[in-house]
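Subject: Structure handover

Hi,

Here is the structure I promised to pass on to you. My notes on the side chains follow below it.

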Amino acid sequence: MKIVEMKERTPLLVQQLLDIWEGSVRATHLFLSDSEIEKIKGYVPQAIREIPHLIVGESDKGIPAAYMGIDGQKLEMLFVSGEERGRGFGKALLGYGMDAYGVDELAVNEQNPQAKGFYERMGFRVFKRTDCDEQGNPYPLLYMKLEG
């Protein structure tokens, strides 16, 4: 795997990352209906284009397999393609973000226990919970900080 910081956000790259997002969300966000996923999907390209630091994990074939977005020291997004889940992309990207940007905070859907467990294994602990997500939808968020 190769980690690449993306300065340019071409239409092709945005589409590749949107495809990763959708596959990842469909595999892990089982609490969302198809119509909810489609609605959220409309906002993702803008988020990808506007996140201050976009870091992509490329497969051995040189194509995006995972990505994360960082704003300040907060992880705003981390998604891994279905084909690459469980192969270390998430761990490598988050480790890079922690080292290069001092990432020490994130939010995760409470209804995504796989992600919560992953972040706990990476040293994060819940410090706050909300009943709704940041758009006011009934999806509780867990806010996590890096321990120590």
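Lys41 and Glu22 meet through their side chains in a salt bridge, 2.6 Å from N to O; the term stands for a side-chain nitrogen of Lys or Arg within 4 Å of a carboxyl oxygen of Asp or Glu. Lys41 lies in helix α2 and Glu22 in helix α1, so this pair ties together parts that are 19 residues apart in sequence. (Helices are DSSP runs of H or I with at least four residues, strands are runs of E with at least two, and both are numbered from the N terminus.) Glu22 is buried, at a relative accessible area of 15%. Here buried means under 20% relative accessible area, exposed over 50%, and partly exposed in between, with a 1.4 Å probe and protein chains only. Both residues belong to a network of salt bridges that links Glu22, Arg26, Asp34, Glu38 and Lys41.

Before I go on, a word on conventions. This is a predicted model, in which local features need pLDDT of at least 70 and side-chain atom pairs count only at pLDDT 80 or more, while totals for chains, interfaces and linings use all residues. Residues are numbered from 1 along each chain as its sequence is written, and side-chain values use heavy atoms, with hydrogens and water left out.

How many salt bridges does a search of the whole structure find? The search gives ten. One of them joins the side chains of Lys145 and Glu105, at 3.4 Å from N to O. With Lys145 in strand β7 and Glu105 in strand β5 (residues 105–109), the pair ties together parts that are 40 residues apart in sequence. Lys145 is partly exposed, with a relative accessible area of 39%. Lys145 also lies over the face of Phe127, 5.2 Å from the ring centre, and Lys128 lies over the face of Tyr143 at 4.6 Å. A charge counts as over a ring if NZ of Lys or CZ of Arg is within 6 Å of the ring centre and within 35 degrees of the ring normal. Arg129 forms a salt bridge with Asp131, the closest N and O atoms being 2.6 Å apart; Arg129 is partly exposed at 42% relative accessibility, and Asp131 is exposed at 56%.

On to the rings. There are six aromatic pairs in the structure. Rings of Phe, Tyr and Trp (its six-membered ring) pair if their centres lie within 6.5 Å; planes under 30 degrees apart count as stacked, over 60 as edge-to-face and the rest as tilted. Phe31 and Tyr139 make a tilted pair, with 5.3 Å between centres and 50° between planes. This pair links distant parts of the chain: Phe31 sits in the loop between α1 (11–28) and α2 (34–41), and Tyr139 in the loop between β6 (124–130) and β7 (141–146), 108 residues apart. Their C-alpha atoms are 8.5 Å apart, and both residues are buried. Elsewhere, ring pairs join Trp21, Tyr67 and Phe79 into a cluster.

Asp133 is buried yet has no salt bridge, and the nearest side chain of opposite charge, Lys39, is 8.9 Å away. (Lys and Arg count as positive, Asp and Glu as negative; His and the chain ends are not counted.) A polar atom of the Asp133 side chain lies 2.9 Å from the backbone nitrogen of Gln135.

Best wishes

Technical notes:
A polar contact is a pair of N or O atoms within 3.5 Å; within protein, one must be able to donate a hydrogen and the other to accept it, and residues adjacent in sequence count only if both atoms are side-chain atoms.
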